[in-house]
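Visitor: I would like to learn how to read a protein model. Could we take it one feature at a time?

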Amino acid sequence: MGNDSPAPVQLPHPSDDEQNAVFLNVLIAQLWRYVDQTVDGVVKEKLVPLLRRKLKLAKYGVLNLDVITLGSIPLHIDRVKVYDQHEGATNITMDIAINYAGDAEASGNLLGGIPFGIKDITIKGTLRVLLGPLGGRLPFAAVSFFFLEEPDISFDLTGLANVGDFIGIRNIIKAVYVHFLEKFLIFPNRRAIVIDKHAVTKEELENPEPRGVLEVTILAVTDVETSDIFGKPDLFVRLSVADMKERTKVKEDIAEAEFNETFQFPLLEYEGTLVKFEVRDDDIFGSDDLGSAHVNLSKLTDQDGQTLNLDLKKTNQGKLKVHFKWYPIVDGKTGQESSKLTPADVASRSVVSVRLCDFKGAAVEDTLSYYALIHYAGRQEETMIEVVKDDEEGKRFFGHFRFIADLSKDEDLTIRVYKEVSKDDEGPKLYGSFKLNPSEMVKEGSGGKHTKEFTLQQGDGQLSGATLSVAISTKNV
């Protein structure tokens, strides 16, 4: 009698990356209820105050969110890639492809009672995870994680906000999401969980010193196409490196333009960092995308200086000519031979790192939040909005800011702290400010670092009673 049983079905064998994800997905499913509690705190203390302020400035009134939940459907991991270690590596590096399409939602009201909500949230992106430093008392001392690039997000609005998209409210929410992630979890910003406190500190992992300065020169744009019916385009170029953004001046009524504008970016890492470019047409209604390009610094063959002609995507033709040069920091000096560096060279380019910590003595209420603006070296940076709690002796403003400055100019750095009442229709008000001199602070410290406490002064010159500690460190390049 013959064997009539069907042949066994040959299922595809999962790849190593897929097998690595199976265990993590089971673990996440078990921990999801606890993740919900953690995320709830972060969202309410950091994301909601920022969203509330942006909606208030756009005249949507006061935002009240009564329900914020991640729901019961957990995040899913599609793949896990573990990189081979090179000799002398201090971390194990993994890239985790995450895919969230759960039942998270937020609901509340705007404009004094109009229903408002967010649902059907999806997020896709690649999270880099570092296990290390390696060795010591434990196999690895900490876990650090961050997104290499901005994750893709989509969502639906409920209530009146969904009627005709409520005049751009979706764009406001998306912009707040991007700003939040850039300051919180997009490279070079990162979060860390310390396992062995004797080996490394959370501060060291989340606020590493820069590795060097990348110099990017936008040389020229040629052969771009435009659909502008009013003539030739008004060209400009946007460029971004990690969470830092710059743009050239506008060249009017021209399809080819020479820019010759140079920008400098302090970087925590060189390998794997992406530099993104957008060529745009400026007009009275905003700007139109004429093409884009990007460069992975790992692909550059000459760090001492390399010029590339990049093909612009989206257009059938069009090129962007750019020049790259890397100035690494090695033991406080650049990687160039010290004999080639004059005192003037060192003074004219330093990376000044600024952190705001231990905010004390400020008024504390559930409806109060604070944020700070930092003005230095021709740039302005903004911290995340923070809710100060009763049980916190000192609150750290979130963010680690890096400026490229000429310390020989003895320029002051200005910090302004703003207060906002969440239930008030009025915008933020100046709470207090002060100035400091980074050059003088570093001289008072040691090893190019110093932390000092300052008292905030009100607009009338009176002291506010609140203090803010500022940590400054410098690296010459």
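Visitor: Is Glu-381 buried or exposed?

Guide: Keep in mind that this is a predicted model. To be called buried, a residue needs a relative accessible area under 20%. Glu-381 has 15%, so Glu-381 is buried.

Visitor: Which residue does the side chain of Glu-381 meet in a salt bridge?

Guide: The partner of Glu-381 is Arg-379, with 2.1 Å from N to O. Arg-379 has a relative accessibility of 26% and counts as partly exposed.

Visitor: How many salt bridges does a search of the whole structure find?

Guide: The search finds 12. One of them pairs Asp-95 with Arg-128, whose closest N and O atoms are 2.8 Å apart. Asp-95 counts as buried, at 10% relative accessibility.

Visitor: What parts does the salt bridge between Glu-203 and Arg-355 tie together?

Guide: The two side chains meet at 2.7 Å, N to O. Glu-203 is in helix α3 (residues 202-206) and Arg-355 is in strand β18 (residues 350-360), so the pair ties together parts that are 152 residues apart in sequence. Glu-203 counts as partly exposed at 29% relative accessibility, while Arg-355 is buried at 18%.

Visitor: Now helices. How should I read one?

Guide: Start with the general idea. An α-helix has 3.6 residues a turn, so residues three or four places apart point the same way. Then look at the case here. Helix α2 covers residues 169-184, which makes 16 residues. From its first C-alpha to its last it reaches 22 Å, close to the 22 Å expected at 1.5 Å a residue.

Visitor: How many of the residues of α2 are buried?

Guide: The count is 12 of 16, and α2 is mostly covered. Among the buried residues are Ile-169, Ile-172, Ile-173 and Val-176, and the list also includes His-179, Glu-182 and Lys-183.

Visitor: Which residues have the most contacts inside the largest nonpolar core?

Guide: They are Leu-55, Leu-110, Phe-116, Ile-118, Phe-155, Ile-169 and Ile-173, in a core of 40 residues. At least two residues of this core come from each of α1 (16-57), β2 (76-82), β3 (92-100), β5 (114-131), β7 (152-159) and α2. The largest share, nine residues, is from α2. Apart from this core lies another, of 31 residues, including Ala-293, Leu-300, Phe-324 and Trp-326.

Visitor: What is Leu-55 in contact with, leaving aside its neighbours within four places in sequence?

Guide: Leu-55 is in contact with Tyr-60, Gly-61, Leu-63, Leu-110, Ile-169 and Ile-172.

Visitor: And Asn-109, where does that residue lie?

Guide: Asn-109 is in strand β4 (residues 105-110), and is buried, with a relative accessible area of 17%. With neighbours within four places in sequence left aside, its contacts include Val-62, Leu-63, Asn-64 and Phe-116.

Visitor: Which residues form a nonpolar patch on the surface?

Guide: Phe-23, Leu-27, Leu-31, Tyr-34 and Val-35 do, and together they have about 470 Å² of accessible area. Phe-23 lies in helix α1. Exposed means over 50% relative accessible area. Phe-23 has 57%, so Phe-23 is exposed.

Key:
Residues are numbered from 1 along each chain as its sequence is written. This is a predicted model: local features need pLDDT of at least 70, side-chain atom pairs count only at pLDDT 80 or more; totals for chains, interfaces and linings use all residues. Side-chain values use heavy atoms; hydrogens and water are left out. Helices (H or I, at least four residues) and strands (E, at least two) are DSSP runs, numbered from the N terminus. The expected span of a helix is 1.5 Å times one less than its number of residues. Buried means under 20% relative accessible area, exposed over 50%, partly exposed in between (1.4 Å probe, protein chains only). A nonpolar core is a set of buried Ala, Val, Leu, Ile, Met, Phe, Trp, Tyr and Cys residues joined through side-chain atoms within 4.5 Å. Contact means heavy atoms within 4.5 Å. Patches are made of residues with over 30% relative accessible area and no salt bridge: like charges are joined within 9 Å, nonpolar side chains (Val, Leu, Ile, Met, Phe, Trp, Tyr) within 5 Å. Accessible areas come from the Shrake-Rupley method with a 1.4 Å probe; for residues, only the protein chains shown count as cover. A salt bridge is a side-chain nitrogen of Lys or Arg within 4 Å of a carboxyl oxygen of Asp or Glu.
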